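Hi,

Here is the structure I promised to pass on. Have a look at it first, and then read my notes below.

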Amino acid sequence: MKNLEMPIKQIGERDWKRKLTDFLESYDIEALPLNEKESLLETEERLSWKFPKDMKDYYLNFGGSDNTDFMSGLYPIEDIIPLAESSWEFVLSEFSQEKIGKYIVFAESPATDPLCMNRDTFEIVLFSHDPVNCGKVYNDFSDYLKNEIINVQEFLGELEFEDGEKMSFMADLLSGENIDYEYRHKKLE
């Protein structure tokens, strides 16, 4: 692997906002805070759910950024919805209401499948239509952000992985209990 830059280890660490802003600006990505902070509170009220601290901090500080190269699948705060109220037919027909009732959709995968956060544990799972599957892909929102930081570098040609190197590297960087590494690699990396 060549030229990896990882400006932060997690949201909330010392000086994370400046480090992430500097990183994004080096890629000509404008770092903008959420335009209306009330929309975060309104979304929490609508969902009857409180965002985890890392996700809330990201949205408050970078939720106004809109760039197709970085966090392109991330929903604007007002578009976050319960999975049970979504329109993904494969989810509604293949998974029980009890299961899908645990999740909030906050983003979409490159294949436009729902990327969801567990309401209680804040773990992130991906529901996939091809093949129909559901698996844990990240421990938390900070891990999702780290994956996006790597993807933007790779997408813009600043980072290169040797054959087979990426899955192993990402498994080490974004490790955790019960993560489906192969599924994540196939669908999100």
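To start with the sheet: in which sense do β3 and strand β4 (residues 124-129) pair, and over how many bridges? They pair in the antiparallel sense, over three bridges. Before I go on, keep in mind that this is a predicted model.

**The sheet**

β3 and β4 belong to an open sheet of five strands, ordered β1-β2-β3-β4-β5, with antiparallel pairing. The edges are β1 and β5 (132-138), each of which pairs on one side only. On the β2 side, β3 pairs with β2 in the antiparallel sense over five bridges.

How enclosed is β3? Five of its five residues are buried, so the strand is largely enclosed by the rest of the structure. P114, C116 and N118 point one way from β3, while L115 and M117 point the other way. As a reminder, in a regular strand the side chains alternate between the two faces of the sheet.

**The helices around α3**

Helix α3 (residues 53-62) has D54, M55, D57, Y58, Y59 and F62 buried.

In α1, the buried residues are W16, L20, F23 and L24. Seen down the helix axis they fall within an arc of 95°, so they line one face of α1. Their packing partners are α3 and α6. After α1 comes D28, with a positive phi near 55°.

α2 buries S39, L40, T43, E44 and L47. These fall within an arc of 140° seen down the axis of α2, so they too line one face of their helix. L41, E42 and E45, on the other side of α2, are exposed. The buried residues of α2 pack against α3, β1 (81-82) and β2. S48 follows α2, and its phi is positive, near 55°.

**The core**

The largest nonpolar core has 57 residues, and those touching the most other members are Y58, I80, F106, F127, F141 and Y144. α6 gives the most to this core, with six residues.

Leaving aside neighbours within four places in sequence, Y58 is in contact with I11, W16, L20, G63, F70, M71, L74, F141 and L145. Two of these, W16 and L20, are among the buried residues of α1.

Finally, take a look at N147, which sits in helix α6. Is N147 buried or exposed? It counts as buried, because its relative accessibility is 0%. The side chain of N147 makes a polar contact of 2.9 Å with the side chain of Y138. Beyond its neighbours within four places in sequence, N147 is in contact with Y138, M170, L174, L188 and E189.

Cheers

Conventions
Residues numbered from 1 in each chain as written. Predicted model: local features only at pLDDT ≥ 70, side-chain atom pairs only at ≥ 80, totals over all residues. Heavy atoms only, no water. Buried < 20%, exposed > 50% of the residue type's maximum accessible area, 1.4 Å probe, protein only. Helix = DSSP H or I, 4+ residues; strand = E, 2+ residues; numbered from the N terminus. Arc of directions from axis to C-beta. Contact = heavy atoms within 4.5 Å. Polar contact = N/O pair within 3.5 Å; in protein donor to acceptor, adjacent residues only side chain to side chain. Pairing = 2+ DSSP bridges. Core = buried A, V, L, I, M, F, W, Y, C linked by side-chain atoms within 4.5 Å.
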